[in-house]
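Subject: Structure handover

Hello,

Here is the structure for you to look through. My notes on what turned up follow below it.

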Amino acid sequence: MNLEDNLFDLHRLLVSEKWHADPYKKFFTYDPKLRTIHKASVRDRVFYQAVYRALYQVFDPSFIFHSYSSRNFKGTHAGILSLEKYIRKVTKNHTRSAHVLKCDIKKFFDSVDHKILLNLVERKITDSKLLSLINLIIDSFETSTGKGLPLGNVTSQIFSNIYLDELDQFVKHELKAKNYIRYCDDFVIVSGSREYLECCVIKLKEFCKRELILDIHPNKIIFRKTHQGVDFLGYVMLPHRRILRTKTKNRMLRKLNNLKTSFDKGLIAKEYLEQVIQSYIGLLSHCKGENVIQQIEQIFWD
């Protein structure tokens, strides 16, 4: 029995042949900005996880190496390390000038076109039963007619990589960009030529609009000289060192001050407070963060 048949049997065991997704529960987070998280029911999450695993093993081997979001053995820190390697390579270990183009997609999850996504899935999935289920999952959520993926759904992780792999392939094969990294809808290109990067922006805008019906955020097209520091995935890469992004540091210290106040009032447990502190210490272990650790110590021990 093949994988698609197994999934279809799982689907029948879970929810019957007339399956419809339960309504998503909405949650809101303000860290670092207001986001609406859509959480599926336990029943649907089990089913979505099975579909995710099936799609992952089919599609992931064809993704470019330097796509780092929601993939095994990737993640933010691997993406940061690769960006630093690219910068060192292009600048000849910081002895030459180089530039970084940083962009992101405007309201990406809200803008994913269902028809385009399904067409991309159909390139590699031919089993009609599985395609029918995938179509139901895609159509179970909309931000506007025929558009949108729910932020927080495990299938949205693989769907977003399938969708943006089109962008990755365009950058690698059409723009011939050798030093390109993408994490979800954020991406960077490193080059010794700003003129080349400016040409890339024009072509990227055209491609995203024409092929994916997406817009590159006009206020988040950023050019930086590498010696000025490159802000990516929560850290700033400077020559020979890495520091925590200022906004991230300030948000972290503000949260810890609030937690200290809550702890002093007996509103939260010591164990929870210690877990939060250790998570931030872990975050700082990936950069030059001694001064920030001292500030954390002052909050709790002064």
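Helices H5 and H6 cross in a right-handed sense. This is a predicted model. H5 covers residues 114-122 and H6 covers residues 128-139. Their axes come within 11 Å and cross at roughly 155°. Angles over 145 degrees count as roughly antiparallel, so H5 is roughly antiparallel to H6.

Which residues of H5 and H6 meet? From H5 come His-114, Leu-117, Leu-118, Val-121 and Glu-122. They meet Leu-131, Ile-134, Asn-135, Ile-138 and Asp-139 in H6. The residues of this contact split into 6 nonpolar, 2 polar and 2 charged.

Next, the cores. The largest nonpolar core has 52 residues. Those that touch the most other members are Leu-117, Ile-134, Phe-159, Ile-162, Tyr-163, Leu-167 and Leu-204. Several elements each supply at least two residues of this core, including H5, H6, strand S3 (99-104), strand S5 (186-191) and helix H8 (194-212). Helix H7 (154-173) is also on that list. H7 gives the most, with 9 residues.

Take a look at Ile-162. Leaving aside residues up to four places away in sequence, Ile-162 touches Phe-59, Phe-63, Leu-117, Leu-120 and Val-121. Leu-117 and Val-121 are also among the H5 residues that meet H6.

There is a second, separate core of 31 residues. Ala-98, Leu-233, Met-237 and Met-252 are among its members.

Best wishes

Key: Residues numbered from 1 in each chain as written. Predicted model: local features only at pLDDT ≥ 70, side-chain atom pairs only at ≥ 80, totals over all residues. Heavy atoms only, no water. Axes fitted to C-alpha atoms, helices over the stretch in contact; angles between N-to-C directions. Helix = DSSP H or I, 4+ residues; strand = E, 2+ residues; numbered from the N terminus. Parallel < 35°, antiparallel > 145°, perpendicular 65-115°, else oblique. Left-handed = near helix turned anticlockwise from the far one by under 90°. Contact = heavy atoms within 4.5 Å. Nonpolar A, V, L, I, M, F, W, Y, C, P; charged D, E, K, R; others polar. Core = buried A, V, L, I, M, F, W, Y, C linked by side-chain atoms within 4.5 Å. Buried < 20%, exposed > 50% of the residue type's maximum accessible area, 1.4 Å probe, protein only.
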